[in-house]
Amino acid sequence: MRPTRTVAGDAPGRSTRTVAGDAPGRPTGGAARGLLTRRWLAVAAPLLLIAVAILIRLPLLAAPLTFSSDIWRQADTAAIARHFLHNGFRLFYPQIDWGGTGPGYVETEMQLYPFLVALCYRVFGEHLIIGRIVSLLFAVPTMALLYLLAKRLLGTLPALGALLFFAISPLYVRYSVAFMPESTVLCFYLGALWCFTRWINEPGKPRLRWLLGAALCTALAALVKPTSLHIGLVFLVLLQRHFGRRWLRRWDVWLFGAISLVPAVFFFHHARGLYLTYGNTFGLFSGGDSKFGGLHDWLRPGFYLSLGQLERAWVFTNVGALLFAAGAAVAVRRRHPELLLAGLGSIGIYYLIVARYAQAKWGIQYHVYMLPYAALGVGVAFSWLADHTSRLAGVVLALLALGGIGGKASNLYAEMRYPEPAPLLACAEQVARIVPADAPIIVSTTSRSREGGVLNNYQEPVIFFYSDRHGFSLPADRLAPEQVERLHQAGGRYLVMTSEKLYRENPEFAAYLEAHGEQLGEGVAAGCGVYRLAY
């Protein structure tokens, strides 16, 4: 009876192929060439894809932080990194520029990413490109983890397809080099998925190290972005599927939960104390802003239409959405891989929770958690095509589909490399020339303190950061003389206004400025009114 062998890279749970004629010992001839080919696919090919992914991102490193929908978020993150550098590396005390005349300590997530950027500033000097490079450095292990996860669940060839999709998805191209913590949290998120699947699918092996690794990655992801905690729903589904109710009696599962959550509980309790003391928040848990949805969102068809449009444009593109839909349908029919199905369910619940941001164009960063599951779905489609056509034909069809994704992504790539100039940056340059470095400013913003009856973060960090000034933000629905006078008495010495429309719509406010301020900038009509307030 001739021995059989399992082809390297076949996914667990799938039937293995047998090849007759393999002799014991080292492979020779065609078998040796086949083994080398499989090893190249399993090792060299993903490394090549990751290298190409890095290369196509290099031109984006020097792009300005002016992408319209999140320039404010990047400016705030860069300001926090600057404060770490100049005011001491106090990780638990992040500072922003719009905290009035106080120190600017703010309730927010653990600012691990800008902290690391500030450490790099200490060595290489303060350059915005360093923040982008740090994001790219986190992207490298993220892509490797995505490939390893997909290879474990689907096999080598589908994993390569999943990696290729992941690497060229417009959303990941954008946030893998953004001055934001999305690349960092996605690295920890995928690390948690990888370690947890290793733990739960390897009975009989020393598994505690994988569970501890998953706990550590989950804890870091939660600290960097608490929105990542929806990953717990994925873990619960997998635990229930593999252990039934017995997981409730496992001490190692409870240890995993404690390590994952306790650091976040303590840190966010500390962060709330910063808000209660200094009054500044990103809307993490206190005041400021609300990301949460409710029945008014969930019962509105437009909510789901907006979600779908953002996913199509930024995660999939049109062709990718079709490829993913096919893969998801196959996964549902096969009930495999479980991680993909559990992930899609958890993402759906997550979008309902953060509905206010998830449906908005200025909240596309909330969709980054869809990327791993989208890639797995595309990998399933690769696998199905390879199984139901000749392997070559399946690969060609899948690559043609991914070529369509790349074509759409190239248009968005050009927008990211050459974004439109931000008018606020030009005004910030004027403020830097006109306003003394130690003079607090009041910045009139176009955002309201409430949107649709919901608290809204109206602060405008762009002018503060690029002018390297600090002070107060004045929301669009509080443009009144008494509000300006209150901030003036609190220490604001100059007022900056960029919107001529708001200026004309608030005549009492405009009259107050004309009577109590000296216009020093180019003027509101030119997009930058800088007024020195009289004492």
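Visitor: What is the mean pLDDT of the protein?

Guide: pLDDT is the predictor's confidence in each residue, from 0 to 100. Here the mean is 87, and 86% of the residues reach 70 or more. Residues are numbered from 1 along each chain as its sequence is written, and side-chain values use heavy atoms, with hydrogens and water left out. In this predicted model, local features need pLDDT of at least 70, side-chain atom pairs count only at pLDDT 80 or more, and totals for chains, interfaces and linings use all residues.

Visitor: Which strands stand at the edges of the sheet?

Guide: Strands of a sheet pair through backbone hydrogen bonds, either parallel or antiparallel. Strands are DSSP runs of E, at least two residues, and helices runs of H or I, at least four, numbered from the N terminus; two strands pair if DSSP finds at least two bridges between them. This open sheet of five strands has the order 4-1-5-7-6, with mixed pairing. Strand 4 (471-474) and strand 6 (517-519) each have a single partner strand, so one side of each lacks a neighbour in the sheet. Strand 1 (residues 441-444) runs parallel to strand 4, joined by four bridges, and I441 stands opposite G471.

Visitor: Which residues of helix 21 are buried?

Guide: An α-helix has 3.6 residues a turn, so residues three or four places apart point the same way. In helix 21 (residues 507-516), F509, A510, Y512 and L513 are buried (under 20% relative accessible area, exposed being over 50%, partly exposed in between, with a 1.4 Å probe and protein chains only). The face turned away from them carries the exposed P507, E508, E514 and A515.
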